[in-house]
Amino acid sequence: MKWLLSAFALLVLNVAHAEDFVRSHALVMHGEPALAADFSHLPYVNVDAPKQGSVTHEAQGTFDTFNPFIVKGNSAAGVGQIYDTLLTSNDDEAFAQYGLLAESIDLPEDRSWVRFNLRPEARFHDGKPVTAEDVVFTFNLLIEKGAPFYRAYYGSIKEVKAESASSVRFTFADGTNRELPLILGQLPILPKHFWQNHDFSKADLTIPLGSGPYKLGEFDTGRSVSYQLVKDYWAKDLPINRGRHNFAEIKYEYYRDSSVALEAFKSGRIDYRIETSAKDWATAYTGPMFDSGKVHTDTLSNENPQGMQGFVFNTRRDLFKQTEVRKAIGLLFDFEWTNEQLFYGAYKRTNSYFAASELASTGLPEGGELALLEPFKKQLPQEVFTKEFTLEKTRGDGNIRPQMREALALLKEAGWSLNKGKLLDANGKQMHIEFLLYQKSFERIVLPYTRNLQKIGISTEVRVVDVSQYVNRVQNFDFDMVVGSFGQSSSPGNEQRDFWGSKAAEHTGSRNIIGVNSPVIDSLIEAVIAAEDRQALIDATRALDRVLLWSYYVVPQWHLNAWRVAYWDKLKRPERNPKYALGLDSWWVE
């Protein structure tokens, strides 16, 4: 038998398409997959979990479309569950993808292309097979009519070709992007026969056709939407899916804001809730239902990089083009006071765009990181090479006079002057900053910050708008400052182009809401993408992180390496949650 396997391997390597490649059940960024080809199920699921009952989640704002792939409209919460992707994750591995629609993956040593071989049993909900033509159609459709994000994300792909009814090959511009095959594995596949007869660019309530574990159920436009478990789901018995997708119905109820949603949860309208407010977690989860055990409150730790959340500057505004101005405004955010008075000391200050991970820059640059930064020595602040980046700490008692003095000195250096209590530019115009929010509960955090800004003569306004208006303004870069977050994985790659790439800064709807436009950062992004091994990735990411930090594009806020989860007792979960996700799709109703 061993001889036969070896012979087959040689056949695959040397005969197919006259090219050398390795055929595998999984793809990983570096090293080998944790689960062998004959694995029976994911290590964190309950394979005996019953498939029954319903779970109701909260959603905020409204929705007016079931198309999540375009810029227009507000797509319905949870709609991604109707689609299958070529590969899917094991949430115990930092960056690994296992076959879902694809039964196997062919990859050459130089990673210059990838081939996905589809499962013959893969079906859309109407019973028609998922083919290589559907994959090609989906890719081209997203590039041509999808959100700008897709053009940046798939920018290194030179060609996509259906080699047979079940085999599709993607050829890359070069093999330097080790992540690209895995990124393509995340591609949700759309049915060509459906979208050929519908307008993909239109944000409306066209009922989409998918191939995933759920299909669209009842909905009340803008208020609620439900998804029904597909009983004859083609992939329900695959090892990657055993013990998953256990709810017979998943429903999303829409609420104006989180405070209303919290009351809905406590009344039993919502079954499950992730709490993001430290104040509410400390004070609001009390009462008979909690004392009796009818409602559980668990803090579930995770090993995820925390990314960056902060007050985001729109550097397209002339006001924020100078680094000194951005640094000065950041000095007046009193995190220590905020954490103690508003958050019950729950958080850590975020000091990296890759916080709580080995990817975060620390100390001074050295080794591979220094080698990446040195060619840009003339374009970067001297401090990048001579000082460790730190965020100044306040006393925590509300007195920030030292920070005010330092901020005023920086603003004077940038051409601003304090006159009769107003901070004025050279033309005598007062500095004015609008903070754009959609969560009214965030006002209590922003208002103390704006009072500090007012103390040095800055005029401020806090504007709370509905979700639709907020999304529209942010997508069109029509704001001064917002609260933004940039989530990160343990293996950053192409998405960095959309976060900070100069090309993305030009495209409406991109995630480069800051407006970062820097040749140095562009070069470091490409170094991250092209990293050949884990150490090279760490070095490149640390270099990128360091330059972003010293550019003062955001006023960093806080993070917590855990989820605060509240749920009614009808919901059960496996003995442990995975390392890098909450694993809600492995929970069940008892």
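Trainee: What is the order of the strands in the five-strand open sheet?
Mentor: The order is β1-β6-β7-β9-β8, and the pairing is antiparallel. This is a predicted model.

Trainee: Why do β1 and β8 stand at the edges?
Mentor: Each has a single partner strand, so one side of each is left without a neighbour in the sheet. β1 covers residues 22-24 and β8 covers 157-164.

Trainee: What makes β8 and β9 a pair?
Mentor: The cut-off is at least two bridges. β8 and β9 (residues 167-172) have six bridges, in the antiparallel sense. They count as paired, because six meets that cut-off. Within this pair, Ile157 stands opposite Phe172.

Trainee: Which helix packs on this sheet, and which strands does the helix touch?
Mentor: Helix α2, residues 132-145. α2 touches β7 (113-118), β8 and β9. Its direction makes about 160° with that of β8.

Trainee: How many bridges join β1 to β6, and how many join β6 to β7?
Mentor: Three bridges join β1 to β6, running antiparallel. Val22 stands opposite Leu107 there. Four bridges join β6 to β7, also antiparallel. Both pairs qualify, because two bridges are enough. In the hairpin of β6 and β7, five residues lie between the strands. Arg111 takes a positive phi near 55° in that hairpin.

Trainee: Why is β6 called largely enclosed?
Mentor: Five of its six residues are buried, so the rest of the structure largely encloses β6.

Trainee: What makes Ser104 buried?
Mentor: The cut-off for buried is under 20% relative accessible area. Ser104 has 12%, so it is buried. Ser104 sits in β6, which spans residues 102-107.

Trainee: What does the side chain of Ser104 contact?
Mentor: The side chain of Asn117, in a polar contact at 3.0 Å. The limit is 3.5 Å, so that distance falls within it. Asn117 in β7 also stands opposite Ser104. Leaving out residues up to four places away in sequence, Ser104 touches Arg23, Ser24, Arg115, Phe116 and Asn117.

Trainee: Is Gly61 buried, partly exposed or exposed, and what value decides?
Mentor: Gly61 has a relative accessible area of 27%. Buried needs under 20% and exposed needs over 50%, so Gly61 is partly exposed. Gly61 lies in the loop between β3 and β4 (87-89).

Trainee: Which residues does Gly61 touch, not counting residues up to four places away in sequence?
Mentor: Gly222, Tyr254, Tyr255 and Val467. Leu187 is 126 residues from Gly61 in sequence, and 27 Å away in space, C-alpha to C-alpha.

Trainee: Val467 brings us to helix α15. Which residues of α15 are buried?
Mentor: Val467, Tyr470, Arg473 and Val474, in a helix of residues 467-475.

Trainee: How do you know where the buried residues of α15 fall, seen down its axis?
Mentor: They fall within an arc of 135°, so they line one face of the helix. What covers them includes β3 (54-60), β19 (432-437), β20 (459-464) and β21 (481-486).

Trainee: What is found at the start of α15, and what follows α15?
Mentor: At the start, a side-chain oxygen of Asp466 reaches to within 3.2 Å of the backbone nitrogen of Ser468. After the helix comes Phe477, with a positive phi near 60°.

Trainee: How many bridges join β14 to β24?
Mentor: Seven, with the strands antiparallel. At least two are needed, so β14 and β24 pair. β24 covers residues 562-568. In β24, Trp568 is the bridge partner of Val295.

Trainee: What is the average pLDDT of the protein, and where is the pLDDT below 50?
Mentor: The average is 93, and 97% of the residues score at least 70. Residues 1-18 are below 50. Beyond near neighbours in sequence, that stretch has 13 contacts in the model.

Definitions and conventions: Residues numbered from 1 in each chain as written. Predicted model: local features only at pLDDT ≥ 70, side-chain atom pairs only at ≥ 80, totals over all residues. Heavy atoms only, no water. Buried < 20%, exposed > 50% of the residue type's maximum accessible area, 1.4 Å probe, protein only. Arc of directions from axis to C-beta. Contact = heavy atoms within 4.5 Å. Polar contact = N/O pair within 3.5 Å; in protein donor to acceptor, adjacent residues only side chain to side chain. pLDDT = per-residue confidence, 0-100. Axes fitted to C-alpha atoms, helices over the stretch in contact; angles between N-to-C directions.
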